[in-house]
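The following paragraphs lead a new reader through one protein structure. Please keep the sequence and the model in view while reading.

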Amino acid sequence: MKRFDVIVIGGGHAGTEAAHAAARMGAQVALVTLSTRDLGVMSCNPAMGGLGKGHIIREIDALDGVMGRVSDRAGIQFRLLNRRKGPAVQGPRAQIDRALYRAEMQAEMTGMANLRVIEAEVTDLRVDTGRVTGVVLADGTTLEAGAVILTAGTFLRGTLHIGDRQLRGGRMGDASADRLGDRLRDLGLGVGRLKTGTPPRLDGRSIDWAILDRQEGDAEPVMFSFLNRAPFVRQIACGITHTNARTHEIIRENLSRSALYGGYISSTGPRYCPSVEDKVVRFADKDSHQIFLEPEGLEDHTVYPNGISTSLPEDVQDAYVRSIRGLESVRILQPGYAIEYDYFDPRGLKGSLELTALPGLFLAGQINGTTGYEEAGGQGLVAGVNAVRLVRGEDPWLPSRRDSYIGVMIDDLRANGATEPYRMFTSRAEYRLSLRADNADQRLTETGISLGLVSETRKAAFGAKMAALSAARDQLSARIVTRAEAEDWGLPYAASGERRSLMDYLSIVPDTAAALLAQGGVMEGLDPETLTQLSRDATYEKYAHRQDAAVEMLRRDEDMRIPDDFDYAAISGLSGELGAKLAYVRPQNLAEAGRIEGMTPAALTLILARLRRLA
Ligand code: FAD
């Protein structure tokens, strides 16, 4: 029998992050996965990041995780979403070359000291006196460990649906993990079923690109990792097309043949990533939906049509896809499908991601009711750290809603459970002005260093950045602006004659002061990146107090009673979706309203404001 400190089951996005984190901390780690080819496989879209999700990747990177660095090396188109809005809601996103991502992830994992990748199926857990002490492999081998992390993704009792056809599988081309799934059900853990779907894959050589609009990446690409400055490989453009009235007609005519509407699937899918048949039904008034045609790699002709995931039969997929402009002669390489899988009620987890009912077993990723590579990676990292800390007899590390989106996600999952796949949005974070993608390192790298997660290279880079910020702050604070200078530079001068430094101005009028400083001549030697960061920090410091006060007010008033006839429709700014949920649930007070899935701090503030007006 072989013994490890930590065993990770599953080499997907949660598993790789968990195993790498535990190994970085010096633990002896085994990563057991169905196939070593699993490392770095992206089951669905060839893209990383976006709003909320990009924030999580930055947090993983700040803790020296792998997802950000690997994405940068495999990124073939980088875009900073919401570039024109404030940094708090900007999200880095990239198109990824699938094959490169896999190759880079495999190199990271196989080259990691203390980490052994084992190709095998885990069929059982070893449980001694109510505690998980290892795993049993399909060939009967037992591996022993101080802690086990389960990250089986969509594989536990997975069922694929294409129209009325059903196949067992963890994703297309891979077997499902039924024996482990059955065993976990026997252990009496709170198990439910969720579903997700993926679009057909297209042969790019059969697309008429010439008649389609193109979307280029950013002229000045922003990387995920704080250690990288520029893309590593050639960059590409994506195509844009749309569904049309004919597409919708074909889908409507065949709805009863879709797995979803034909009654073959009963579980809930991701609300914010609906299938094309769902879009046609739910948004019946719209006769067109946008589709991004995303190349899956530099050396690959496969194209991912983002926006038309489906569980319709193959002949219907063929017909509706070919009704779309530019796709009239397209060849489908792999049909779209939906998948149903087991997940565990995350309310059974501790903040460390250890299961309360089964000590020694940590759960991370899709099996906790989330959807997305980034959400999985974030949980994997937390589980990896805490498994090592458990083995070492140390207190768990509990990221909080105040310090990270990862903390927000774990808190939401534990408080509310997941009746539909949970994905991250910036609106879920009440402290979102402080939890920006640009300051993830300032928020978390110090913690990462104290947890033993951070390499010497990153420590040095982080130290240099913080020293530069501090020196620039001192320099700007020491430089007092005279009245004549303020007038000359267009800066507001205090009527009281109060002496203000350039740093004060950066807080009072961040954009104006930053623009002035960037012109040069006022204060030489300021590195533009340091100045930009100081300016962002200063901008948000102003609002952070207001944000903290709003959060505090919500906490104080969470017992405030909501009348039974409260009119949610009368609140402007409240989304139709949340308004409908609130009107249906009729929470008694704000605390209850806060527990409704999908509820956001901003929406609670709107309700509170109206309650106050009515009082
Ligand atoms: P996975 O990436 O699924 O990895 C699980 C790993 O565990 C695999 O490597 C598997 O081999 C291994 N494993 C499982 N059981 C065992 C066992 N018994 N023994 C050994 N190894 C085992 N996300 C979105 O954000 N939006 C979408 O629209 C979307 N659509 C999707 C559509 C489909 C069809 C699928 C399959 C997934 C989709 N996803 C989508 C989800 C996305 O792929 C997951 O969120 C992400 O991969 C979860 O990462 P994970 O590490 O939890 O699991």
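Which residues of helix 2 are buried? They are Lys 53, Gly 54, His 55, Ile 56, Ile 57, Arg 58, Glu 59, Ile 60, Asp 61 and Ala 62. A residue is buried if 20 or more other C-beta atoms lie within 10 Å of its own, exposed if 12 or fewer, and partly exposed in between, with C-beta atoms placed from the backbone. Because 10 of the 10 residues of helix 2 (residues 53-62) are buried, this helix is largely enclosed by the rest of the structure. Asp 64, with a positive phi near 65 degrees, follows helix 2.

Some conventions apply throughout. The model is predicted: local features need pLDDT of at least 70, side-chain atom pairs count only at pLDDT 80 or more, and totals for chains, interfaces and linings use all residues. Residues are numbered from 1 along each chain as its sequence is written. Helices (H or I, at least four residues) and strands (E, at least two) are DSSP runs, numbered from the N terminus.

The ligand is surrounded by 36 residues, of which Gly 10, Gly 12, Asp 38, Gly 153 and Gly 365 are the closest; a residue counts as near when its C-beta atom, placed from the backbone, lies within 6 Å. Helix 1 (13-24), strand 2 (29-33), strand 12 (191-198) and helix 9 (373-391) each contribute at least two residues to this shell.

In soluble globular proteins, nonpolar side chains tend to be buried together. A nonpolar core is a set of buried Ala, Val, Leu, Ile, Met, Phe, Trp, Tyr and Cys residues joined through C-beta atoms within 7 Å. The largest such core here has 112 residues, and Val 6, Ile 7, Ala 22, Val 29, Val 148 and Ile 149 touch the most other members. Helix 9 gives the most to this core, namely nine residues. Apart from it lies another core of 18 residues, including Val 303 and Val 316.

Two further loops deserve attention. Most residues other than glycine have a negative phi. Asn 82, however, has a positive phi of about 60 degrees, and its place is in the loop between strand 4 (75-81) and strand 5 (91-96). Asn 82 is partly exposed, because 15 other C-beta atoms lie within 10 Å. Arg 586 likewise has a positive phi, near 50 degrees, and is found in the loop between helix 17 (576-585) and helix 18 (590-594). With 14 C-beta neighbours inside 10 Å, Arg 586 also counts as partly exposed.
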